Amino acid sequence: MENLKKYKSVFIESFGINESQITSLKYQDIPEWDSVGHMGLISSLEEAFNIEMEIDDIIDFSSFEKGIEIITKYKITFND
Amino acid sequence: MIKNMDDKGLCFDIAGIKECQKNRYPLLYIDKVQNVIPGKFARGIKCFSYNEWFFPPHFEDEPSVPGFIQVEALVQTFLMTFLTISEFKGEKAMGLSWDNVKFKRTIIPGECLIIESHLLSFKRGIAKGYSVSFVDGEPACSAEFMVVIPSVLSKFNPK
């Protein structure tokens, strides 16, 4: 649960939104998650989880839910 | 023209600057860039003559360089820290943020602005860094920048 909390907090801090808004959030749902916001989000996630994401994963990272699936590929677990 | 000055880095004249960035007359506000270490640092030089278009109206009785032009010179030097990397040379760049802009002195006709730009990070088409500047060794304006190369950034957009 620690990693899920960390994952959520990156979204909250990157986009300045409430926790209630994020679980169904998709790319471009809000003005803050545009192409530049996307790079900021990815950089913050890489820093928070100490990972470096592949280009294909950055492109596939199209929603909050999809992001969990992608980050799991980097040996980060969300159900501990 | 681009000259390699060995341990002093690369030197760009006006033609060399135009090879790297898209800004053109009347909005190109650097004359020469030297000591360039692509991916790290650039030193820009801009000399202001009274023939500049903005001196007669700004101001008639006391001409000085408008602040937005000083900042433009700073950001154009900053561009040379990463548009001198061969793979990005000549790309269009757009400003995302100009922060912490400070003006320490007035710049008048006949003075030269020396600008030092530092690139702190350059990842996936987004460059972050700052420029400081001097006239006759005295601090002039300074600012922090975030600039994007749209053609690079677009490669990372979710589909």
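Modeller: Let us begin with a definition: helices (H or I, at least four residues) and strands (E, at least two) are DSSP runs, numbered from the N terminus. Read in this way, chain B follows the pattern β-β-α-β-β-α-β-β-β-β-α along its sequence, with three helices and eight strands. The model is predicted: local features need pLDDT of at least 70 and side-chain atom pairs count only at pLDDT 80 or more, while totals for chains, interfaces and linings use all residues. Residues are numbered from 1 along each chain as its sequence is written, chains are lettered from A and ligands numbered from 1 in the order in which they are written, and side-chain values use heavy atoms, with hydrogens and water left out.

Colleague: What pattern does chain A follow along its sequence?

Modeller: Chain A reads α-α-α-α-α; its secondary structure comes to five helices and zero strands.

Colleague: Why is Arg124(B) called buried?

Modeller: Buried means under 20% relative accessible area, exposed over 50%, and partly exposed in between (1.4 Å probe, protein chains only). Arg124(B) has 12% relative accessibility, and therefore counts as buried. Arg124(B) is located in the loop between strand E6 (112–123) and strand E7 (126–135) of chain B.

Colleague: Which residues does Arg124(B) touch?

Modeller: Contact means heavy atoms within 4.5 Å. Leaving aside residues up to four places away in sequence, Arg124(B) touches Met39(A), Ile42(A), Ser43(A), Glu46(A), Met53(A) and Ile58(A), as well as Val152(B), Leu153(B) and Phe156(B).

Colleague: What makes the pair Arg124(B) and Glu46(A) a polar contact?

Modeller: A polar contact is a pair of N or O atoms within 3.5 Å; within protein, one must be able to donate a hydrogen and the other to accept it, and residues adjacent in sequence count only if both atoms are side-chain atoms. The side chains of Arg124(B) and Glu46(A) are joined by such a contact of 2.5 Å.

Colleague: Why is Gln28(A) called exposed?

Modeller: Gln28(A) has 54% relative accessibility, so it counts as exposed. Gln28(A) is placed in the loop between helix H2 (19–22) and helix H3 (35–49) of chain A. Although Gln28(A) is not a glycine, its phi is positive, at about 70 degrees.

Colleague: And Lys75(A): is this residue buried or exposed?

Modeller: The relative accessible area of Lys75(A) is 79%, and therefore Lys75(A) is exposed. Lys75(A) belongs to the segment after helix H5 (64–72) of chain A. Lys75(A), not a glycine, also has a positive phi, of about 65 degrees.

Colleague: How do you know that the radius of gyration of chain B agrees with that of a compact globule?

Modeller: The radius of gyration is taken over C-alpha atoms, and the globule rule is 2.2 Å times the number of residues to the power 0.38. For 159 residues the rule gives a value near 15 Å; chain B has 16 Å, so the two agree. Buried residues make up 47% of chain B.

Colleague: What does the rule give for chain A?

Modeller: With 80 residues, a compact globule would have a radius near 12 Å; chain A has 11 Å, which agrees. In chain A, 46% of the residues are buried.

Colleague: Which peptide bonds are cis?

Modeller: The bond from Tyr25(B) to Pro26(B) is cis, with omega near 5 degrees. The bond from His58(B) to Phe59(B) is cis as well, with omega near -5 degrees.
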